[in-house]
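Me: Hey, I'm new to this one. Can you walk me through it?

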Amino acid sequence: FDASREGTIHLIKKGYRSIGLILGEKHTEESKERLNGFKQALQDHHQEFRSALVAEGNNSIQSGYDAMLQLLKRKQKRPGAVFCTNDEMAIGAMQALRSMKIRCPQEMAVMGFDGINAGGIFSPGLTTMAQPSEQIAAEATDILIQLIEGNLKPPVSKIIRAHLIIRGSA
């Protein structure tokens, strides 16, 4: 929720007033939280959430490509930026823009979520909310060991914050 909200706020602060969303599989808790963070950022900055600017993917590059084409083919004015709830879909979205000869970020910005290494090798580089996967793995391992040893009682929850990586796409 917080990372999605922060990423959307980044786009708002860059001046985008019409922001689309490419959402991963909507039935997952992860997608629900990212959608809610996106909506909250819009609400906090007095922007309207428009379901016509939302397309669903399945977290793959191809689904991001297809979802971006869906957004571009809709009758309403296309968004100035699109927040994708994972980097793979963002990469697919950028490929779709390229295939339609739409320049990123000059004509439409794209932002991802996860911080995968591949995001840094594209041109333009992918702006993303990066999850510290090594820290997540270390914390999860520590918690598991403590549970096994009986030093913790379930359920255990720990929040590890994502951070913004600004590159050329947004």
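Me: Where does Asn59 sit?
Reply: Asn59 is in the loop between β2 and α3 (61–73); helices (H or I, at least four residues) and strands (E, at least two) are DSSP runs, numbered from the N terminus. This is a predicted model, where local features need pLDDT of at least 70, side-chain atom pairs count only at pLDDT 80 or more, and totals for chains, interfaces and linings use all residues. Residues are numbered from 1 along each chain as its sequence is written, and side-chain values use heavy atoms, with hydrogens and water left out.

Me: What's the phi of Asn59?
Reply: Phi is positive there, about 75°, although Asn59 is not a glycine. Asn59 counts as partly exposed, at 24% relative accessibility (buried means under 20% relative accessible area, exposed over 50%, partly exposed in between, with a 1.4 Å probe and protein chains only).

Me: And what about the phi of Asp114?
Reply: That one is positive too, near 140°, in a residue other than glycine. Asp114 belongs to strand β4.

Me: OK, the sheet. In what order do the strands come?
Reply: The order is β2-β1-β3-β4-β5-β6, six strands in an open sheet with mixed pairing. Two strands pair if DSSP finds at least two bridges between them. At the edges stand β2 (54–56) and β6 (163–165), each with a single partner strand, so one side of each has no neighbour in the sheet.

Me: Do β4 and β5 pair in the parallel or antiparallel sense?
Reply: Parallel, over four bridges, with β4 covering residues 109–114 and β5 residues 127–130. Phe113 stands opposite Met129 in β5.

Me: Which strands does α4 touch?
Reply: Helix α4 (residues 87–99) packs on the sheet and touches β1, β3, β4 and β5, where contact means heavy atoms within 4.5 Å. Its direction makes about 160° with that of β4; axes are lines fitted to C-alpha atoms, for helices over the stretch in contact, and angles run from 0 to 180 degrees between N-to-C directions.

Me: Which peptide bond at Cys104 is cis?
Reply: The one from Cys104 to Pro105, with omega near 5°. Pro105 lies in the loop between α4 and β4. Another cis bond joins Ser123 and Pro124, with omega about 0°, and Pro124 is in the loop between β4 and β5.
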